[in-house]
Amino acid sequence: MDRSAAVERVERLIETVESEPMPVPVREIWVYGEVSLGLDPIERLDVYLTKDILLESDGGRSEAFEERYGVKGVGQTVRGEWAEAFPEFVRANDNGYAAPERCLAAHLLGDDEPIHLEVCNASFEDNVTQRLQGAMMRNDYERILDPRGVCLWVDGQRSAKALEKLRSGELVLPTLPNALEMLGMDEGEAREAADTLQAYRERQEGATVRGDVV
């Protein structure tokens, strides 16, 4: 994907979040990894969404929604009004319950796009730390979140400055091993983690999504 096309794609994603109902409230939109580094072209576009937990509930209609969509939890884990407006984007987890991250991916991404979407209730910076600590404890480096991120949108407000720097490739960020060392990994572990994460990313194809709760 050309760099300019990747930035334009992120802007269209932001416009969709701004202009259309979402299955859950979206609070922050970040990009991270290759697109933040000024590379051209990039292999995959990595996007991070911070979502809020759905507080308003349409749980009294969940059975009716289940009959209509064949998915449990509509009106509880995702907005019922969103499901009624966009039934084609309703997605369930392996237990048959409406999955916010899968619904967001269905709404925001095309199946064949080389885009990865991370969805979490925590901010990007907090989740970077949490995921790194967990990965170090379990030696599961595929779970690491690349810390080289750029915040583009918060609570309905775009950062025009961040978008412009992203578009022009002005951001100066460290290599992934160096970034991981800054967060507490030793040099050898950081190199191993970076290699593992790169190999994991190279195995992904098309649009992918991962949900996380911190």
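This note goes through points on a predicted model, from its cores and helices to its charged pairs, cysteines and backbone exceptions.

1. Main core. The largest nonpolar core has 29 residues. Those with the most contacts inside it are Ile29, Val31, Leu45, Val47, Leu49, Leu104 and Leu152. Two or more residues each come from helix 1 (3-19), strand 1 (26-32), strand 2, helix 4 (100-108), strand 3 (115-120), strand 4 (149-154) and helix 6 (160-168). Helix 1 gives the most, with 6 residues.

2. Valine 47. This residue is among those with the most contacts inside the largest core. Leaving aside residues up to four places away in sequence, valine 47 touches Leu13, Ile29, Trp30, Val31, Tyr32, Ile115, His116, Leu117 and Glu118.

3. Second core. A separate core of 13 residues is also present, and Phe65, Val78, Ala83 and Cys103 are included in it.

4. Helix 1. This helix has 17 residues, and its first and last C-alpha atoms are 24 Å apart, close to the 24 Å expected at 1.5 Å a residue. Its buried residues are Arg3, Ala6, Val7, Arg9, Val10, Glu11, Leu13, Ile14 and Val17. One of them, Leu13, is touched by valine 47.

5. Salt bridges on strand 6. The whole structure holds 17 salt bridges. In one of them, glutamate 118 pairs with arginine 210, with the closest N and O atoms 2.7 Å apart. Glutamate 118 is in strand 3 and arginine 210 in strand 6 (residues 208-212), so this pair ties together parts that are 92 residues apart in sequence. Both residues are buried. Another salt bridge joins the side chains of aspartate 212 and arginine 131, at 3.1 Å from N to O. Because aspartate 212 lies in strand 6 and arginine 131 in helix 5, this pair ties together parts that are 81 residues apart in sequence. Aspartate 212 and arginine 131 are buried as well. Glu118, Arg131, Arg143, Arg210 and Asp212 are linked in a network of salt bridges.

6. The side chains of aspartate 94 and arginine 102 meet at 3.8 Å, N to O, in a salt bridge. Aspartate 94 is exposed, at 74% relative accessibility, while arginine 102 is partly exposed, at 32%.

7. Lysine 51. This residue lies in strand 2 (residues 45-51). Lysine 51 is buried but has no salt bridge. Its nearest side chain of opposite charge is glutamate 101, 6.6 Å away, and a salt bridge needs the nitrogen and carboxyl oxygen within 4 Å. Residues up to four places away in sequence aside, lysine 51 touches Val24, Pro25, Val26, Arg27, Pro100, Val119, Cys120 and Asn121.

8. Cysteines. The count of disulfides is 0. For cysteine 103, the nearest cysteine sulfur is that of cysteine 120, 17 Å away. Cysteine 103 is buried, at 0% relative accessibility. For cysteine 151, the nearest cysteine sulfur is again that of cysteine 120, here 14 Å away. Cysteine 151 is partly exposed, at 22% relative accessibility. A disulfide would need the two sulfur atoms within 2.5 Å.

9. Cis peptide bond. Aspartate 40 and proline 41 are joined by a cis peptide bond, with omega about 0°. Proline 41 sits in the loop between strand 1 and strand 2.

10. Positive phi. Asparagine 139 is not a glycine, yet its phi is positive, about 55°. Asparagine 139 is in the loop between helix 5 (124-138) and strand 4, and is exposed, with a relative accessible area of 56%. Aspartate 155, also not a glycine, has a positive phi of about 50°. Aspartate 155 is in the loop between strand 4 and strand 5 (157-158), and is exposed at 55% relative accessibility.

11. Methionine 185. This residue is in the loop between helix 7 (176-182) and helix 8 (187-202). Methionine 185 is buried, with a relative accessible area of 4%. Its contacts, not counting residues up to four places away in sequence, are Leu132, Met136, Tyr141, Ile144, Leu180, Ala190 and Ala193. Methionine 185 is 152 residues from glycine 33 in sequence and 18 Å from it in space, C-alpha to C-alpha.

Terms used:
Residues numbered from 1 in each chain as written. Predicted model: local features only at pLDDT ≥ 70, side-chain atom pairs only at ≥ 80, totals over all residues. Heavy atoms only, no water. Buried < 20%, exposed > 50% of the residue type's maximum accessible area, 1.4 Å probe, protein only. Helix = DSSP H or I, 4+ residues; strand = E, 2+ residues; numbered from the N terminus. Lys, Arg positive; Asp, Glu negative; His and termini not counted. Contact = heavy atoms within 4.5 Å. Core = buried A, V, L, I, M, F, W, Y, C linked by side-chain atoms within 4.5 Å. Expected span 1.5 Å × (residues − 1).
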